[in-house]
Amino acid sequence: MQFLGYLISGISLGSVYALIALGYTMVYGIAKMLNFAHGDVIMIGGYMVYFTFCSGGWNPFLAVLFAMAVCTLLGITIERVAYRPLRSAPSLAVLITAIGVSFLLQNIAMLLWKSDPKSFTSIISMEPLSLAGGKLSIPAETIVTILVSVLIMIALIWFVNKTRIGHAMKAVSEDRGAAQLMGINVNGIISLTFAIGSALAAVAGALLLSSYPTLVPTTGAMPGIKAFVAAVFGGIGSIPGAFLGGVLLGVIENLSKAYISTQLSDAIVFLVLIIVLLVKPTGLLGKKTAVKV
Amino acid sequence: MGEILKIDNLNVYYGSIHAIKDLSLYVKEGEIVTMIGANGAGKTTTMHAISGLLKSQSGSITYDGRLISKMDAYKIVTLGLAQCPEGRRVFSGLTVQENLELGAYTRKDGKAAVQSDFEMVFEMLPRLKERRNQLAGTLSGGEQQMLAMGRALMSKPKMLLLDEPSMGLSPLLVKEIFKTIVRVNENGVTVLLVEQNAKMALNIANRGYVIETGNITMEGKASDLANDSKVKQAYLGGAA
């Protein structure tokens, strides 16, 4: 029974990683870059929910929507100001810029909101679910996190595979030049990708902080890196891969914490990543790149 | 008929390499014009400069009375100038149908008009209809070429830029592709055709240009070029 509890909270933590990983993987798939500032967008989203909901008393839905709007704008602005001028620069330059943006966001947060921890109140005010005659109690946050993440992933897969804009995104991901020849505005599609990824990061921030309620300017850093690992783990560029990678990562991390060692849990997570990449370098659901010509 | 495309003194650089040097050419409405030349002569570079994928440093490109040399590639398509790029470049992760739909991405003339163009493309290239739900990456080279042409036609272009449509195809398929080009032209689409298969290209074209190391070195009626001794020797593989 206890195992089931650890498993479910692992899936929940993993769902948060998955939401963040979706942003990493979509941006990588379409803009061909690793946006290491993605984790810090979560943190900004967290502060927005904190100020509106936790200390402002807003309706939690409204607060999350507001955070999503702020993060969407932030994501688009970061792309426009920091990444777009480097569109044809070597990928190393873009990577370093992304790390720079990450530090910038953390330091702006520190300047504006100080580095003392803020205590986050959960956006979910439902009773925990009691199972097996009270032997297993699952917090409502855990259940809501899983449900929200699954719904978002289904919506995203539908969007990418079934809509005109989704197909344009796939086209840009495969061949930017040919996509332009179809009349697709590549910069517009990249902006849209950043917008979607950043909005999801805001949701992820709100859900993460509802379960792990300490908010500091570096709150986004570790989940960001783990979500990046999850994206690579599942096969970077693949949406179902990001989700699978995220959930597995969360479960492995939680079970290691419960049964092996709290201190070693992160090391175990990264060890599993290394093993997976040795066996399958493209990640669990990564595509082979060979194309018939 | 007037000139639909006019290039004046075009210069394109790749870094420090001067790829296109003072190139000028024109295409009249309704024509098939071919540009022939060896590998690396600048054919594809010229095509990319026209479609906007590459920016020229100086000179001008005018299409349908508008200066397009400074315009973004995705906007040029909306003017009715489509490019079918070298190497097909179909979207392999999308189905044939989805590729064709992307071809019509910029169309604003309604579903019915797009649907009738689907029928037109499927009628002209029946293999695509058979394979409409198949991923483009699983098609043979010839089928991918047909898809690339069909996709370009779905934008309902007034002018089509075709870059090496015969590349890597069997002689039988090459014939089929060239037949299709002639049909497209008969339907009122002006064609600028870049080819290494100079014989076939000059055979269907009205006029031709010979390009060497970024310069136009000869131009004239296609039949005259086909009979020119220098062209014969250099590009048609025949004795003078």
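Q: What makes helix α2 and helix α3 of chain A a crossing pair, and at what angle do their axes cross?
A: In this predicted model, the axes of helix α2 (residues 38-54) and helix α3 (residues 60-83) of chain A come within 8 Å and cross at roughly 145°. The crossing in which α2(A) passes α3(A) is right-handed.

Q: Which residues of α2(A) and α3(A) meet, and of what classes are the residues in this contact?
A: Counting as contacts those pairs whose C-beta atoms lie within 7 Å, the residues of α2(A) that take part include A:Val41, A:Ile44, A:Met48 and A:Phe53, and those of α3(A) include A:Ala63, A:Phe66, A:Val70 and A:Leu74. By class, this contact of α2(A) with α3(A) has 13 nonpolar and 3 polar residues, with no charged residues.

Q: Why does the radius of gyration of chain A agree with that of a compact globule?
A: A compact globule of 293 residues would have a radius of gyration near 19 Å, and because chain A has 19 Å, the value agrees. Along its principal axes, the C-alpha trace of chain A spans about 60 × 45 × 35 Å.

Q: What does chain B bring to its contact with chain A, and which helix gives the most?
A: The contact takes 23 residues from chain B and 17 residues from chain A. On the side of chain B that touches chain A, α3(B) gives the most, with 4 residues, and the residues of that side divide into 9 nonpolar, 11 polar and 3 charged.

Methods
Residues numbered from 1 in each chain as written. Chains lettered and ligands numbered in written order. Predicted model: local features only at pLDDT ≥ 70, side-chain atom pairs only at ≥ 80, totals over all residues. Axes fitted to C-alpha atoms, helices over the stretch in contact; angles between N-to-C directions. Helix = DSSP H or I, 4+ residues; strand = E, 2+ residues; numbered from the N terminus. Left-handed = near helix turned anticlockwise from the far one by under 90°. Contact = placed C-beta atoms within 7 Å. Nonpolar A, V, L, I, M, F, W, Y, C, P; charged D, E, K, R; others polar. Rg over C-alpha atoms; globule rule 2.2 N^0.38 Å.
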